[in-house]
Structures are given as C-alpha cells and as structure tokens.
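Reader: I am new to protein structures and would like to learn how to read one. Could you walk me through it step by step?

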Amino acid sequence: MPIVVNLDVMMAKRKVSLGELADRVGITQANLSILKTGKAKAIRFSTLEMLCKELDCQPGDLLEYQPE
C-alpha cells in the first residue's frame with residue numbers, strides 16, 4: 001500500500017504508550033493498534049485530528065505517501 005502510517009514513530013518520539021494514547025484519543029487499543037500497524041483501510045478526519053492534537057504533530061507526520 002502506498003500510504004505508510006508512521007504512528008509508531010510519533011508515539012516513540014512523544015514517549016506515549018498505545019494504551020495511554022488510546023485513552024486520550026477515545027478509541028480502543030485494538031483499533032489504534034490496527035492503525036499503528038498499517039492494516040487500517042481508512043481513518044476518520046476526527047480521529048486524525050485527535051491524534052495530531054495529542055501527539056502535537058501534523059497529519060503529514062503520521063501519514064506518508066510512498067509510490068510503489
């Protein structure tokens with residue numbers, strides 16, 4: 001898939017755990033894990049917005065386009 005999710009990188013930079021971020025954003029750890037591992041097929045803008053707010057980053061820090 002040409003869209004790469006760098007959520008794990010941002011979480012490491014901010015020293016935040018999966019459980020902590022899931023609680024702060026208001027989604028399940030399972031759904032956050034699916035997103036983190038790049039297995040998600042879509043993401044809601046509201047979820048992306050909350051992730052950016054909690055991680056103090058831009059959407060481009062979390063999502064990257066890599067041509068095949």
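Predicted model: local features only at pLDDT ≥ 70, side-chain atom pairs only at ≥ 80, totals over all residues.

Reader: Let me start with a single residue. Is K15 buried or exposed?

Author: To decide, compare the relative accessible area with a cut-off: over 50% counts as exposed. K15 has a relative accessible area of 75%, so it is exposed. You will find K15 in the loop between α1 and α2.

Reader: And what should I look for in the backbone there?

Author: Start with the general idea. Most residues other than glycine have a negative phi. Phi of K15, however, is near 55 degrees, a positive value in a residue that is not glycine.

Reader: Where does D56 lie, and what is its phi?

Author: D56 lies in the loop between α4 and α5. Its phi is positive, about 50 degrees, although D56 is not a glycine. With 61% relative accessibility, D56 counts as exposed.

Reader: Now the helices. At what angle do the axes of α1 and α3 cross?

Author: The axes of α1 (residues 7–14) and α3 (residues 29–36) cross at roughly 110 degrees and come within 8 Å. Angles of 65 to 115 degrees count as roughly perpendicular, and α1 and α3 are therefore roughly perpendicular to each other.

Reader: Which residues meet there?

Author: From α1, L7, D8 and M11 meet L32, L35 and K36 of α3. Sorted by class, this contact has four nonpolar residues, two charged residues and no polar ones.

Reader: How do I think about the inside of the protein?

Author: In soluble globular proteins, nonpolar side chains tend to be buried together. Here, the largest nonpolar core has 16 residues, and those with the most contacts inside it are L7, L21, L32, L51, L55 and L62. The elements giving two or more residues to this core are α1, α2, α3 and α4. The largest share, four residues, comes from α4.

Reader: What does L21 touch, apart from residues up to four places away in sequence?

Author: Leaving those out, L21 touches L7, M11, V16, L32, L51, E54 and L55.

Reader: Next, N6. Is N6 buried or exposed?

Author: The cut-off for buried is under 20% relative accessible area. N6 has 16% relative accessibility, so it counts as buried. N6 is found in the loop between β1 and α1.

Reader: Which residues is N6 in contact with, setting aside its neighbours within four places in sequence?

Author: With those neighbours set aside, N6 is in contact with D61, L62 and E64. The side chain of N6 makes a polar contact with the side chain of E64, at 3.0 Å.

Reader: How far apart in space are T37 and V5?

Author: Their C-alpha atoms are 7.4 Å apart, while in sequence T37 and V5 are 32 residues apart. T37 is found in the loop between α3 and α4, and at 45% relative accessibility T37 counts as partly exposed. A polar atom of the T37 side chain also lies 3.2 Å from the backbone oxygen of I34.

Methods:
Residues numbered from 1 in each chain as written. Heavy atoms only, no water. Axes fitted to C-alpha atoms, helices over the stretch in contact; angles between N-to-C directions. Parallel < 35°, antiparallel > 145°, perpendicular 65-115°, else oblique. Contact = heavy atoms within 4.5 Å. Nonpolar A, V, L, I, M, F, W, Y, C, P; charged D, E, K, R; others polar. Buried < 20%, exposed > 50% of the residue type's maximum accessible area, 1.4 Å probe, protein only. Polar contact = N/O pair within 3.5 Å; in protein donor to acceptor, adjacent residues only side chain to side chain. Core = buried A, V, L, I, M, F, W, Y, C linked by side-chain atoms within 4.5 Å.
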